[in-house]
Every structure is written in structure tokens, then in C-alpha cells.
Amino acid sequence: MTDAPASASARRDLPPVMAGLAAQQRAASILAGSVAAPVHAYLFLGPPGTGRRESAVAFAAALVCPNGGCGDCPACRDTLAGRHPDVTVVERTGASILVEDARAVVSLAQRGPVAAPRQVIVLTDFQLVGQAAPVLLKTLEEPPETTVFVVLAESVSPGLVTIASRCVEVEFVPLDVSSLEVALVGEGIAPDVALGAAAAAGGRLDRARLLARDPGFASRQARWRDLPGRLDGTGATVSSLVGEILASADELVEVARERQREEIEAATAAAERDGERRLAGRQAIEDRHKREQRRVRVDELRAGLAALAAAYRVRLVTDGTSPRRVATAARAISAIDAAAGSLARNPNETLLLEALLLELDATS
Ligand SMILES: [Zn+2]
């Protein structure tokens with residue numbers, strides 16, 4: 001329990017608008033200390049699902065808020081709603097960051113703030129900066145005094161190395177189960193639901209939130225665990241089980257889609273209130289939503305495969321007296337691990353899972 005006081009003090013020093021960062025203790029303490037006098041560029045580095053994006057928006061709110069991040073004033077509220085004129089989140093429009101998008105960022109940086117004393121430009125997916133890096137380097141190195149950059153990246157790719165060296169690095173780490181649980185309970189989720197969702201989230205706050213909203217979560221986990229007992233040596237059963245699994249992954253994607261529809265509706269309503277005829281940047285938001293749906297699906301299949309592997313691990317223990325059955329379970333687990341590893345390569349999911357279940361069926 002040595003980290004409880006650190007977490008409490010991080011929470012105490014955080015501006016209210018940045019309260020959601022409390023679980024990322026190191027990042028929270030670096031950023032809370034930066035609000036009064038920020039440097040020209042920050043690099044938020046960490047795997048997907050660690051809250052880099054929402055932390056960047058909260059940090060930006062604190063930087064444009066006249067009260068240092070009260071969470072309550074028009075500047076804070078407009079930033080959180082994605083509509084502060086001096087906070088820009090740049091979404092990529094291609095498979096990597098395009099040179100023309102980088103040029104647009106350079107001229108935006110020169111423009112200077114409109115309403116606040118400074119402007120904040122958040123650059124997303126910058127592990128994909130590639131060819132666009134040289135265009136941005138000078139601006140990121142020495143932007144106008146009134147511009148602060150927050151660069152988000154999953155890793156320091158070769159293209160990002162030089163840019164990274166010009167930024168203050170802020171590391172975001174996968175969260176442990178109890179930090180996720182505390183974060184969910186803090187957001188009003190019931191404690192028992194929070195614990196279950198936190199345990200199955202693989203360290204990712206976004207997935208923990210999604211599962212906490214998802215009524216079918218427990219039954220989907222059970223379906224995966226029960227798979228070995230339902231294999232009957234026929235290809236017909238394998239293909240119907242795979243159909244069931246993929247349909248159940250779609251249920252979770254639908255939960256995510258619902259949340260995304262709410263986000264678009266809220267942003268559209270806010271734009272209309274301001275007398276705009278349409279939501280600016282809608283295409284970029286929809287493209288980001290499609291990428292998120294894909295990630296939700298892959299995470300769900302990966303979590304299912306982990307539940308399936310756990311079912312075979314139980315057999316390793318209970319069948320420990322039979323060398324043949326231990327060998328069978330070990331082979332099954334390594335086949336499942338291999339399938340989980342292939343998911344990142346965007347495979348045909350039906351073929352991948354059918355091949356896996358046929359192999360499990362043959363070895364059991
Ligand atoms: Zn404020």
C-alpha cells in the first residue's frame with residue numbers, strides 16, 4: 001500500500017480538469033508541475049488505451065484556462081467539448097502522417113492564439129510520422145512562444161527519434177487492476193462491476209470503461225472458456241462455434257459504436273448552438289472511430305483467447321498426473337498464443353479461428 005499516499009498527493013496537486021490523470025501518477029506529477037510554465041513541446045508516450053489522448057486534452061484545457069484548469073469555466077468546457085479555438089487536435093487523414101498535413105500544422109503554429117494567452121496543438125499517432133518529420137522538426141524545436149505542442153505516440157519509431165529528442169517525454173504505462181478499478185469507481189461505476197471489468201481490461205482504461213458498460217461481458221468470457229468441451233471432432237461444429245464467437249465480438253463493437261454516436265451527437269449539438277451548419281472535422285472523427293472499432297474487436301478476441309488458454313491451463317493442473325494430457329494442454333496453449341500473436345497482422349478472423357479450433361479439436 002506504499003503507493004496510496006503518492007496517489008492521494010498526485011490527486012491533491014492536480015488541477016480539477018486533469019483529475020482523470022490521477023491513475024497515471026508519474027505523468028500526472030510532471031504535467032501538474034508544468035501548467036504554470038509549460039515548455040514548448042511534450043511527447044506523451046505509451047501503448048494504446050493508457051489515456052494519452054484524453055490526458056492531452058485535459059492538459060490543454062489547463063493551459064488555456066484563466067484559472068489554471070478549474071474544469072468549470074467556458075475555456076475548460078469548450079476544450080473538453082473539442083471546440084476551443086486555441087486547442088487543436090490534429091487527426092491523421094492517411095495511413096501515416098501526410099506531408100501536407102504537417103505543412104498545415106506548421107502554419108497553424110505560426111498563427112498564434114485567438115482567445116487564450118497561448119494555443120495548444122495536439123498531434124496524434126505520431127509513431128506514424130515517417131516522411132512528414134523533417135517538415136515539422138524546426139517548428140517543434142522552436143515554435144512561437146505562444147504555441148505548445150503535445151505529441152502522442154505509441155513508441156519512438158525511427159521517424160520520430162529526432163522530434164522526440166526536442167520534447168519533454170511523459171510516459172504513460174498500462175495500469176494495474178487496482179488502479180483501473182479505482183478509476184472506474186471514481187467515474188461512478190458500481191464496485192463489483194468495476195472489479196470484473198478492470199481484471200479483464202489488459203491494463204487499458206478505455207477497454208475497462210467499455211466492459212463496465214457492457215452487459216454481455218461475463219457471458220462472452222464463459223463462452224470462450226466452454227469452447228474445449230463443445231468441440232466434437234466435426235468441422236461443422238467448429239464453423240458454428242467460430243460464427244458464435246465473432247457475432248459476440250460484434251456485440252461489444254456495437255457498445256463502442258453507441259458511445260461514438262453519443263460523441264458525434266454532442267459535438268454536432270455544440271456546433272449547432274454556435275450557429276455552425278455542420279460539424280467541422282467530422283470525417284476525421286469518423287475515421288478515428290473506425291480505427292477504435294477495429295481495436296475493440298481485436299482486444300476482445302485477444303481477451304477471449306486468453307480466457308481459452310486459461311481453460312487449458314486449468315487442465316495442466318488438474319491433469320497433472322497424465323503426461324499425455326499435460327502435453328496436449330501445453331500444445332493447445334501454444335497454438336492459442338500463436339493465434340493471439342497473429343491477430344495484430346489483420347488476418348481473416350474466421351480462417352484464423354477455424355484453423356485454431358480444428359487444431360485444438362485434433363489434439364484433445
Ligand atoms: Zn477553467
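**Close-up views of a predicted model**

**View A. Phenylalanine 44 has valine 170 in strand β5 as its bridge partner.** In this predicted model, the strand β1, spanning residues 41-45, runs parallel to β5 and is joined to it by 4 bridges.

**View B. The open sheet consists of 5 strands with parallel pairing, arranged in the order β2-β3-β4-β1-β5.** Its edges are formed by β2 (87-90) and β5 (168-171), each of which pairs on one side only. Averaged over the sheet and with direction ignored, neighbouring strands are turned by 20 degrees against each other. Helix α5 (residues 99-111) packs on this sheet, where it touches β2, β3 (119-123) and β4 (147-153), and the direction of α5 makes about 165 degrees with that of β3.

**View C. Helix α8 (residues 177-186) and helix α9 (residues 191-199) have axes that come within 8 Å and cross at roughly 140 degrees.** Because of this angle, α8 is oblique to α9, and the crossing of the two helices is right-handed. From α8, the residues Val177, Leu180, Glu181, Leu184 and Val185 meet Pro191, Ala194, Leu195, Ala197, Ala198 and Ala199 of α9. The residues of this contact divide into 10 nonpolar, no polar and 1 charged.

**View D. Leucine 210 lies in helix α10, which covers residues 205-212.** Leucine 210 counts as buried because 23 C-beta neighbours lie inside 10 Å, where 20 or more are required. When residues up to four places away in sequence are not counted, leucine 210 touches Leu252, Val255, Ala256 and Val296. Aspartate 192 is 18 residues from leucine 210 in sequence, and their C-alpha atoms are 15 Å apart in space.

Notes:
Residues numbered from 1 in each chain as written. Predicted model: local features only at pLDDT ≥ 70, side-chain atom pairs only at ≥ 80, totals over all residues. Axes fitted to C-alpha atoms, helices over the stretch in contact; angles between N-to-C directions. Parallel < 35°, antiparallel > 145°, perpendicular 65-115°, else oblique. Left-handed = near helix turned anticlockwise from the far one by under 90°. Contact = placed C-beta atoms within 7 Å. Nonpolar A, V, L, I, M, F, W, Y, C, P; charged D, E, K, R; others polar. Buried ≥ 20, exposed ≤ 12 C-beta atoms within 10 Å, placed from the backbone. Pairing = 2+ DSSP bridges.
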